[in-house]
Amino acid sequence: MGTSSNGQRGLFASFGRMWAIALNTFREAVRNKVLAILVMFAVALMAFSLVLGQLSLHEEVRIIKDLGLAGISIFGVVIALFLGVNLLSKELDRKTVYAIIPKPLHRHEFLLGKYLGLLVTMVALVALMSVVLAGFLLMQGGRHGVLMVRAEILILLELLLLMAVAMLFSSFSSPWLSAMFAGSLWVIGRNTAELEAFATGKLEGSAGGTVLEFVLDLLPDFRMFFVSGANFDETVVSVHGSFVSWAYVGSAAAYAAAYGGMCLLIAVLLFQRRDFT
Amino acid sequence: MTAPVLEVDGLRKEFVRGFLRKRTVAVDGVSFHVERGEVFGFLGPNGAGKTTTMKMLMGLIYPSGGTATILGAAVGDIEAKRRIGYLPENPYFYDYLSATEYLHMIGRIYGLDRHERRKRATRLLERLGLAMAEGRAMRSYSKGMLQRVGLAQALIGDPELVVLDEPMSGLDPIGRREVRELILELRGQGKTVFFSTHILADANLLCDRVGIIVKGKLRDVGPLGELLSPKVLRIEVLWQGSAELQAALREQFAEAEPGSEAEPGSEPGSERESPHSSSSEGQVFVAQAQAQLDRFVAAVIAGGGEISSVTPQRETLEQLFVRDSGTRPEEQRS
C-alpha cells in the first residue's frame with residue numbers, strides 16, 4: 001500500500017516536471033513568429049478555397065473541405081518538421097539545456113516533456129485551423145460534421161508521428177539533415193502503396209523486391225492517416241460521403257502511438273548517453 | 001564529524017574527437033572534497049579542466065573514470081539534485097521568457113507550489129536587482145543581468161550546495177562585488193559554495209579552501225593560509241628624501257644583494273629589475289633580505305631622509321598560482 005502510494009506520488013512528481021518543460025516548449029512555439037506565419041498561410045489557403053468554390057459548379061462546400069484538409073495537412077507537416085527538428089538542436093546550440101539538466105529531473109523527463117509540449121502545441125494548432133475551416137464551411141452554408149472531425153484527428157495523428165520521427169533524427173544530427181531525413185520518410189510513407197505495388201509487381205521474386213518490402217514494413221506508414229479519396233477494399237472513402245469509422249481512427253492512433261513511442265524511446269536512449277560538452 | 005558535501009575521487013575525463021578518434025585527457029584523476037558550510041574555490045587557468053569537472057559533477061558529462069558523491073549520493077541522484085543549485089559558465093536562458101517566467105519554470109521542476117514559486121522568485125529578483133526588468137523578455141537583458149538570472153535560478157530551490165562556474169565572468173566591478181557579497185551571504189546562511197574562477201583576487205577574498213587545477217591535474221588543495229608560503233619574500237620600504245640622497249642611495253643600492261631570493265616566476269639569469277622606483281607617496285625601495293633592509297634604513301636616516309613604511313611581502317595567491325601552473329598568468333591561453 002505504502003509502496004504503491006509512493007509510486008503514485010513519484011509518477012505525479014515526474015509528470016509535474018515534464019509538464020514544466022512542456023509548458024515552456026508550448027510557450028516557445030506560440031511566441032515563434034515563423035509558426036504564426038505558417039498558420040496564417042494555412043488560413044489564407046482556406047480563404048482562397050472560397051474563391052475557388054465560386055468558380056465551381058455548386059461544389060463550394062466540397063472544395064472548401066478538400067482544400068481546407070489539404071491546408072491543415074501540408075502546413076501541419078511543415079510546422080511538425082520545423083518544430084520537431086529544432087526541438088533539441090536549439091537547446092544545444094543556445095546552451096539552454098546546461099542550466100536545465102542539473103535540475104532535479106531525469107534526462108528522459110526533459111525529452112518527453114519537450115515532446116509533450118509539442119503535442120499540446122500541435123493539438124492547439126490543428127484545433128485552431130479546424131475551427132477556422134468550420135467557420136468557412138458555415139459561411140458557405142455547409143456543415144463541418146463528424147466525418148471532418150475524424151479526418152482532422154487522423155491528420156493530427158500523422159503530425160504527431162512525424163514530430164516523433166523528426167525528434168529522433170534531431171537527437172543525433174543537425175536540424176537540416178533531420179528535416180531532410182524526416183521529410184523524405186514522410187514522402188516515402190505517404191507513397192507506400194505505389195512502392196508496394198512496385199515491389200510485388202515488377203520486382204516480385206527478386207532480392208530487390210524482398211528488400212523493398214522489408215524496408216517498407218520498417219518505415220512509418222503515413223498513408224494510413226490521409227485517407228480522403230483513397231481506395232479501401234474497392235471502396236473510395238471520402239469526407240463527402242462514406243468515410244472511415246472510429247474503429248479505424250482508433251487503430252491508426254494505436255499505430256501512431258506504437259511507432260511514435262519507439263522513436264521516442266530510441267531518442268531517449270541516445271539522449272541519455274550524450275555528453276553536453 | 002559530518003560527511004563532506006562533495007567528495008571527488010580520481011575523477012577522469014577523456015574526450016575522443018574527430019574521424020581519427022584522437023584522445024584528449026581533459027581531467028586526469030582529480031580528487032578532493034568540500035566540507036559542509038565552506039566556500040571552496042576551484043582555481044585554474046582557462047582550459048585547465050574546471051568546467052569539465054563541474055559538468056561531470058552536475059551530470060552534464062559522463063566521467064571516463066573515478067567516482068563522485070554529492071550530499072552522500074551518486075551524481076545524478078534526483079533527491080541530491082534537489083539540494084543543489086548550479087550556475088553554468090556564461091549562462092544562456094530561453095530568451096523569449098521573462099525572468100519571472102523562467103524562475104517559475106525552474107520552481108515547477110523543483111516541485112514548488114505556485115505560492116512558494118511566486119514568493120521565492122520575487123525575493124530573489126529583488127535581492128539581485130532585477131525587479132525592474134522581471135516582466136521583460138530576457139532577449140533584451142545585458143550579460144550582467146543574465147548572470148543575475150543565472151544566480152537566481154541556482155538559488156530558487158533553496159539549495160544546500162551552490163555550484164557556480166565562473167560567477168564573476170563578464171561582470172563589471174560593481175557586479176563582481178555584488179556576487180562576492182552574495183557568496184558571503186550564502187556562507188552566512190550555512191550553505192556550502194563550490195565555485196570556479198580564474199580571478200584570483202575573488203578567490204583570495206572569499207575562499208576557505210582552494211583547489212588549483214592545471215592541465216587536468218589537481219596541483220594543490222587546502223586552506224589558503226597553508227598553501228601560501230609564510231616566508232617573507234621581500235620587504236618594501238616607502239621613504240622620502242632630497243634629490244641628492246635619492247641619487248646617492250640609487251647608486252649605493254643599485255643591485256639586489258648576492259644570494260638573495262629570486263622572485264617566484266622569474267627566469268633564472270634574467271636581467272633583474274632595479275630595486276628603486278617612485279610612487280605618488282614617495283620613493284620605493286625593495287629589499288630582498290633583512291641585512292640589506294637594515295643598511296638601507298640606516299642610510300636613509302643618516303642622509304636626513306624619512307621612512308614612511310616598511311612592509312614585508314609574503315607569497316600571494318597569484319604567485320602560488322603561477323608556481324603551480326608553471327606559467328605567468330598573461331602567458332596562459334585565454
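In this predicted model, the count of salt bridges over all chains comes to 27. Side chains of opposite charge can pair when their charged atoms come close. One of the pairs crosses between chains: Glu101(B) and Arg27(A) form a salt bridge whose closest N and O atoms are 3.9 Å apart. Glu101(B) belongs to helix 3 (residues 99-109) of chain B, and Arg27(A) to helix 1 (residues 2-30) of chain A. Arg27(A) has a relative accessible area of 27%, so it counts as partly exposed.

Within chain A, Arg190(A) and Glu158(A) meet in a salt bridge, with 2.9 Å from N to O. Because Arg190(A) lies in helix 7 (residues 175-190) and Glu158(A) in helix 6 (residues 145-170) of chain A, the pair ties together parts that are 32 residues apart in sequence. Glu158(A) is buried, at 0% relative accessibility.

In chain B, the side chains of Arg12(B) and Glu14(B) form a salt bridge at 2.6 Å, N to O. Both residues are partly exposed: Arg12(B) has a relative accessible area of 26% and Glu14(B) one of 22%. Through shared partners, salt bridges join Arg12(B), Glu14(B), Arg23(B), Asp28(B) and Lys217(B) into one network.

On the scale of whole segments, an unreviewed UniProt entry places the feature "transmembrane region" at several spans of chain A, including residues 67-88 and 246-271. Residues 67-88 of chain A are 100% helix, with end C-alpha atoms 33 Å apart. Residues 246-271 of chain A are also 100% helix, and their end C-alpha atoms lie 36 Å apart.

Chain B is divided into domain 1 (6-225) and domain 2 (232-264 + 272-314). The C-alpha centres of these two domains of chain B are 45 Å apart.

Key. Residues are numbered from 1 along each chain as its sequence is written. Chains are lettered from A and ligands numbered from 1 in the order in which they are written. This is a predicted model: local features need pLDDT of at least 70, side-chain atom pairs count only at pLDDT 80 or more; totals for chains, interfaces and linings use all residues. Side-chain values use heavy atoms; hydrogens and water are left out. Domain bounds come from an automatic or database domain assignment. UniProt positions are given in the numbering used here, feature names are shortened, and annotations may be inferred rather than shown by experiment. Helices (H or I, at least four residues) and strands (E, at least two) are DSSP runs, numbered from the N terminus. A salt bridge is a side-chain nitrogen of Lys or Arg within 4 Å of a carboxyl oxygen of Asp or Glu. Buried means under 20% relative accessible area, exposed over 50%, partly exposed in between (1.4 Å probe, protein chains only).
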